[in-house]
Amino acid sequence: MALIEDYAIVGDLQTAALVGRNGSIDWLCLPRFDSPACFAALLGGPDNGHWRLAPAGAGDCTRRAYLEDSLVLESVWETDDGTVKVTDFMPQRDRAPDLVRVVEGVSGSVAMLGVLRLRFDYGHVVPWVRRLDDHRVAVAGPDSAWLRSEPPVPTYGRDLSTCSEFTVDAGQRVAFVLTWHPSHEPRPPLVDPHEALRHSLEDWRAWAARCAYRGPHREAVLRSLITLKALTYAPTGGIVAAPTTSLPEEIGGVRNWDYRHCWLRDSTLTLNSLLAVGYEDEAAAWRDWLLRAAAGDPADLQTMYGLGGERRLPETVLDWLPGYERSFPVRIGNAAVTQLQLDVYGEVVDSLHAVPRGGGRGTEPLAWNIQCSMLGFLKDHWREPDAGLWEVRGPRRHFVHSKVMAWVAADRAVCALENDPGLSGDLDGWRTLREEVHREVCEQGFDADRGTFTQYYGSRELDAATLLIPRTGFLPPGDPRVTGTIEAVRRELEQGGFVHRYTLEGSPVDGLPGGEGAFLACSFWLADALCLTGRHKEAREVFERLLAVRNDVGLLAEEYDPVVGRQLGNFPQAFSHIALVGTALLLTGAETAH
């Protein structure tokens with residue numbers, strides 16, 4: 001089976017496909033990121049659905065890359081008979097999603113083999129396939145998919161697959177288009193694959209040209225921003241954490257989760273990063289999604305929502321899929337949606353405070369009313385234990401990071417009132433709340449003997465989330481409690497230059513068996529903390545070490561195994577790419593200032 005980092009993505013801002021080095025598309029959900037997959041070989045095998053298009057008898061491509069400043073992937077095979085390239089992309093849709101694959105001969109004469117194996121409902125349902133004019137039409141329940149080629153290429157059925165064999169000479173092009181639509185509707189209009197390619201490149205390059213970042217490693221930053229754009233669900237502005245489910249945090253383990261949802265805690269870093277590099281429209285769309293999702297009784301606030309703000313995301317096991325490299329179970333939905341996670345309130349208030357809208361700072365009536373209601377909730381509930389940032393499946397605890405983010409909520413609300421006398425709010429009450437939270441965290445969340453903040457009150461375990469303390473403003477970077485925490489995290493959570501989320505061995509709160517890789521976002525947080533404390537050279541070293549583990553097309557998963565040197569977890573991961581952009585901006589600003 002391919003490594004996680006062997007994949008690249010193509011997408012249309014409503015869903016995304018994973019394309020392997022061998023020319024096989026092994027994951028695609030249609031019509032949305034969170035819809036059932038029609039290609040699920042990623043979590044099983046070829047019989048669970050895939051579409052391979054490559055030279056007959058060939059293995060992995062010789063090289064591949066995204067065409068400049070785009071999400072259009074070009075894979076090149078150099079064979080004994082000649083050279084051929086396959087260009088994969090998904091044009092931004094008018095109505096129906098299209099997956100386009102263009103084969104082009106570069107030199108010689110190359111025999112090609114295509115195998116399309118559609119399996120709807122996460123690799124479970126074999127469709128009925130028939131010919132209709134120059135199309136192959138697959139239908140099963142609510143799903144219908146149409147395959148055509150230009151010029152027409154003969155196809156035949158074999159092993160419940162649609163196969164094609166053809167030869168391309170130098171300069172010859174053959175385009176394949178797979179179009180999905182609801183089976184009860186007529187076939188959508190046909191797209192011209194070559195015009196669609198031209199428009200896709202124009203669209204992506206025009207978007208990339210708006211990037212205002214001009215610092216070091218611009219290519220890495222821009223690729224991360226393009227990836228974040230690709231993970232955006234355009235109809236609502238929501239950003240999915242990843243386009244995949246159940247890629248494991250440990251090979252053969254059980255830490256396999258569905259990340260095809262939108263997490264509120266990603267909001268502050270995402271918004272700040274998008275604004276800092278000139279993407280105001282995208283920041284506004286994400287902020288508006290956040291406002292819609294967060295509206296309502298603050299007691300009902302969830303850590304995550306569906307692409308359109310849906311609240312119910314029931315967790316289910318797909319028992320017919322064995323999982324990536326036998327990492328079972330495969331889950332859809334996410335039970336963490338029901339957890340109390342107090343840090344989310346701070347993230348939402350911080351986001352609405354930081355991002356301007358209509359000339360204000362998140363203080364138009366709806367945004368301000370939401371912030372006030374959240375402060376009212378925190379005032380009554382901040383002393384309760386919760387599940388924390390990491391959504392642990394063990395018992396609730398008084399997690400330090402959750403309390404720090406409650407402080408953030410109070411602090412931002414106080415600042416808003418102090419800066420805008422026209423606002424109404426409980427200034428004295430919120431100041432008191434801010435002081436009480438700060439005092440308690442410093443008294444109960446700090447281990448004076450070891451000179452470090454801990455994971456939760458009274459524990460000896462550490463948590464990489466405490467690296468965020470100087471960035472939130474809870475304590476200044478030069479405070480010895482901050483520098484002591486950085487050193488403790490490096491001593492106890494760092495492995496091979498990469499940072500784990502928290503002390504896992506013997507953890508009384510984790511609630512799951514097995515282990516996991518180092519968390520890439522936490523490793524970027526270490527670089528941030530080092531930078532903020534003036535250790536710029538060390539911060540740069542950490543940052544460049546992280547850049548080196550990106551795959552050949554610049555993508556990062558959620559985690560990394562520093563022992564065997566491979567990526568782990570859902571892929572590509574928004575949180576990792578958000579953190580990359582944030583660290584690049586911080587380092588560039590610090591070095592410019594000096």
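**View 1. The largest nonpolar core around Phe39 and Trp525.** Among the 183 residues of the largest nonpolar core, Phe39 and Trp525 touch the most other members, where such a core is a set of buried Ala, Val, Leu, Ile, Met, Phe, Trp, Tyr and Cys residues joined through side-chain atoms within 4.5 Å, and buried means under 20% relative accessible area, exposed over 50% and partly exposed in between (1.4 Å probe, protein chains only). Helix H8, residues 400-419, gives the most to this core, with 12 residues; helices (H or I, at least four residues) and strands (E, at least two) are DSSP runs numbered from the N terminus. The model is predicted, so that local features need pLDDT of at least 70 and side-chain atom pairs count only at pLDDT 80 or more, while totals for chains, interfaces and linings use all residues. Residues are numbered from 1 along each chain as its sequence is written, and side-chain values use heavy atoms, with hydrogens and water left out.

View 2. The bond from Leu30 to Pro31 is cis, with omega near 5 degrees, and Pro31 lies in the loop between strand E3 (24-29) and strand E4 (37-39). The bond from Phe571 to Pro572 is also cis, with omega near -20 degrees, and Pro572 is found in the loop between strand E28 (566-568) and helix H14 (574-593).

View 3. Asp121, in helix H1 (residues 120-123), has a positive phi of about 60 degrees although it is not a glycine, and Asp121 is partly exposed, with a relative accessible area of 31%. Glu391, which is not a glycine either, has a positive phi of about 55 degrees and is buried, with a relative accessible area of 14%.
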